[in-house]
Amino acid sequence: MKNPFKFGTVVKGSDFCDRESEMEMILSDIRSGTHITLISPRRYGKTSLILNLFDRIDFADTFYIDVMGLTTVSDFLNAYTKTFIEKLGGKSKIDTIVKKFLPKVEGLQLTYSPH
(Lines give C-alpha, C1' and ligand atoms only; values in the text may rest on other atoms or scores of the structure.)
Protein backbone atom coordinates (compact mmCIF):
# COMPACT_ATOMS: atom_id res chain seq x y z
CA MET A 1 0.00 0.00 0.00
CA LYS A 2 1.29 3.44 -0.94
CA ASN A 3 1.80 5.90 1.92
CA PRO A 4 -0.89 8.60 1.53
CA PHE A 5 1.22 11.18 3.36
CA LYS A 6 3.79 13.30 1.56
CA PHE A 7 6.99 13.86 3.48
CA GLY A 8 9.95 16.13 2.86
CA THR A 9 8.08 18.74 0.83
CA VAL A 10 5.55 21.49 1.46
CA VAL A 11 2.03 20.09 1.23
CA LYS A 12 -1.11 22.07 0.49
CA GLY A 13 -4.77 21.45 -0.17
CA SER A 14 -5.98 17.88 0.13
CA ASP A 15 -2.47 16.61 0.91
CA PHE A 16 -2.46 18.73 4.07
CA CYS A 17 -4.46 17.07 6.83
CA ASP A 18 -5.23 16.75 10.50
CA ARG A 19 -4.01 20.14 11.77
CA GLU A 20 -7.41 21.81 12.25
CA SER A 21 -7.00 22.54 15.96
CA GLU A 22 -3.61 24.19 15.36
CA MET A 23 -5.01 26.20 12.44
CA GLU A 24 -7.94 27.48 14.48
CA MET A 25 -5.76 28.36 17.46
CA ILE A 26 -3.30 30.31 15.28
CA LEU A 27 -6.11 32.06 13.37
CA SER A 28 -7.67 33.09 16.66
CA ASP A 29 -4.34 34.48 17.86
CA ILE A 30 -3.81 36.41 14.64
CA ARG A 31 -7.33 37.87 14.73
CA SER A 32 -6.76 39.05 18.28
CA GLY A 33 -3.41 40.62 17.45
CA THR A 34 -1.37 38.13 19.41
CA HIS A 35 2.17 37.54 18.18
CA ILE A 36 3.05 33.89 17.76
CA THR A 37 6.19 31.86 17.27
CA LEU A 38 6.18 28.32 15.93
CA ILE A 39 8.92 26.11 17.28
CA SER A 40 9.41 22.47 16.44
CA PRO A 41 12.11 20.20 15.05
CA ARG A 42 12.84 20.27 11.35
CA ARG A 43 10.41 18.40 9.08
CA TYR A 44 7.39 18.67 11.40
CA GLY A 45 5.33 20.68 8.91
CA LYS A 46 5.70 24.28 10.11
CA THR A 47 5.98 25.66 6.57
CA SER A 48 3.01 23.62 5.34
CA LEU A 49 0.98 24.77 8.34
CA ILE A 50 1.76 28.44 7.72
CA LEU A 51 1.18 28.33 3.95
CA ASN A 52 -2.17 26.57 4.41
CA LEU A 53 -3.05 29.07 7.11
CA PHE A 54 -2.30 31.93 4.69
CA ASP A 55 -4.94 30.49 2.34
CA ARG A 56 -7.53 30.97 5.09
CA ILE A 57 -6.60 34.54 6.00
CA ASP A 58 -8.88 36.92 4.15
CA PHE A 59 -8.65 39.76 6.66
CA ALA A 60 -4.96 40.66 6.21
CA ASP A 61 -2.20 40.59 3.63
CA THR A 62 0.35 37.84 4.02
CA PHE A 63 3.67 36.98 2.47
CA TYR A 64 6.17 34.21 3.01
CA ILE A 65 9.94 34.41 3.12
CA ASP A 66 12.01 31.24 3.24
CA VAL A 67 14.88 32.13 5.57
CA MET A 68 16.64 28.78 5.25
CA GLY A 69 20.11 29.50 3.96
CA LEU A 70 20.07 33.20 4.80
CA THR A 71 23.14 33.77 6.91
CA THR A 72 23.37 37.53 7.36
CA VAL A 73 21.09 40.40 8.28
CA SER A 74 21.77 41.82 4.81
CA ASP A 75 20.59 38.57 3.17
CA PHE A 76 17.42 38.68 5.27
CA LEU A 77 16.72 42.34 4.50
CA ASN A 78 17.24 41.73 0.77
CA ALA A 79 14.84 38.77 0.80
CA TYR A 80 12.30 40.71 2.87
CA THR A 81 12.46 43.78 0.63
CA LYS A 82 12.23 41.73 -2.57
CA THR A 83 9.21 39.78 -1.29
CA PHE A 84 7.51 42.94 0.01
CA ILE A 85 7.99 44.80 -3.28
CA GLU A 86 6.67 41.83 -5.29
CA LYS A 87 3.63 41.59 -2.98
CA LEU A 88 2.87 45.27 -3.55
CA GLY A 89 2.94 44.82 -7.32
CA GLY A 90 6.55 45.19 -8.33
CA LYS A 91 8.99 48.03 -8.78
CA SER A 92 6.89 50.04 -11.24
CA LYS A 93 3.97 50.08 -8.80
CA ILE A 94 6.27 51.17 -5.97
CA ASP A 95 7.76 53.91 -8.19
CA THR A 96 4.25 55.23 -8.88
CA ILE A 97 3.27 55.19 -5.20
CA VAL A 98 6.47 56.89 -4.04
CA LYS A 99 6.32 59.57 -6.74
CA LYS A 100 2.68 60.24 -5.86
CA PHE A 101 3.49 60.79 -2.20
CA LEU A 102 6.81 62.55 -2.79
CA PRO A 103 6.10 64.60 -5.94
CA LYS A 104 8.36 67.51 -5.00
CA VAL A 105 11.55 65.52 -4.52
CA GLU A 106 13.66 66.12 -7.62
CA GLY A 107 15.83 63.35 -8.95
CA LEU A 108 14.18 60.65 -6.87
CA GLN A 109 15.28 57.30 -8.15
CA LEU A 110 14.58 53.88 -6.71
CA THR A 111 16.89 50.99 -7.39
CA TYR A 112 15.79 47.41 -7.08
CA SER A 113 17.59 44.38 -8.41
CA PRO A 114 15.87 41.03 -7.97
CA HIS A 115 18.26 38.18 -7.26
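This is a predicted model: local features need pLDDT of at least 70, side-chain atom pairs count only at pLDDT 80 or more; totals for chains, interfaces and linings use all residues.
Q: What makes the order of elements α-α-α-α?
A: Helices (H or I, at least four residues) and strands (E, at least two) are DSSP runs, numbered from the N terminus. The chain has 4 helices and 0 strands. Read from the N terminus, that gives α-α-α-α.

Q: Why is Ser 48 called buried?
A: Buried means under 20% relative accessible area, exposed over 50%, and partly exposed in between (1.4 Å probe, protein chains only). Ser 48 has 6% relative accessibility, so it counts as buried. Of the chain's 115 residues, 17% are buried.

Q: Where does Ser 48 lie, and what is it in contact with?
A: Ser 48 belongs to helix H2 (residues 46-56). Contact means heavy atoms within 4.5 Å. Beyond four places in sequence, Ser 48 is in contact with Thr 9, Val 10, Val 11 and Phe 16.

Q: Which residues of H2 are buried, and what do they pack against?
A: Ser 48, Leu 49, Leu 51, Asn 52 and Leu 53 are the buried residues of H2. They pack against H1.

Q: What makes a set of residues the largest nonpolar core here?
A: A nonpolar core is a set of buried Ala, Val, Leu, Ile, Met, Phe, Trp, Tyr and Cys residues joined through side-chain atoms within 4.5 Å. The largest has 8 residues: Val 11, Phe 16, Met 23, Ile 26, Leu 27, Leu 49, Leu 53 and Ile 57. H1 gives the most, with 3 residues.

Q: What does Phe 16 touch?
A: Leaving out residues up to four places away in sequence, Phe 16 touches Val 11, Met 23, Ser 48, Leu 49 and Asn 52.

Q: What makes the largest pocket a pocket, and how much space lies in it?
A: On a 1 Å grid over the protein atoms alone, a pocket is an open set of points with protein on both sides within 12 Å along at least five of seven lines; in a cavity, a 1.4 Å probe fits but cannot get out. Grid points are joined across faces, edges and corners, and a volume is the space filled by probe spheres set on the points. The largest pocket holds about 1200 Å³. Lining residues have an atom within 4 Å of a point. There are 37 of them, and Gly 45, Lys 46, Thr 47, Ser 48 and Tyr 64 are the closest to the centre. H2 gives the most to the lining, with 6 residues.

Q: Why is Asp 18 called exposed, and what is its phi?
A: Asp 18 has a relative accessible area of 72%, so it is exposed. Its place is in the segment before H1. Asp 18 has a positive phi of about 65 degrees, although it is not a glycine. Most residues other than glycine have a negative phi.

Q: Why is Arg 43 called exposed?
A: Arg 43 is at 54% relative accessibility, so it counts as exposed. Arg 43 sits in the loop between H1 and H2. Its phi is positive too, about 70 degrees.

Q: Why is Gly 13 called partly exposed?
A: Gly 13 is at 48% relative accessibility, so it counts as partly exposed.

Technical notes
Residues are numbered from 1 along each chain as its sequence is written. Side-chain values use heavy atoms; hydrogens and water are left out.
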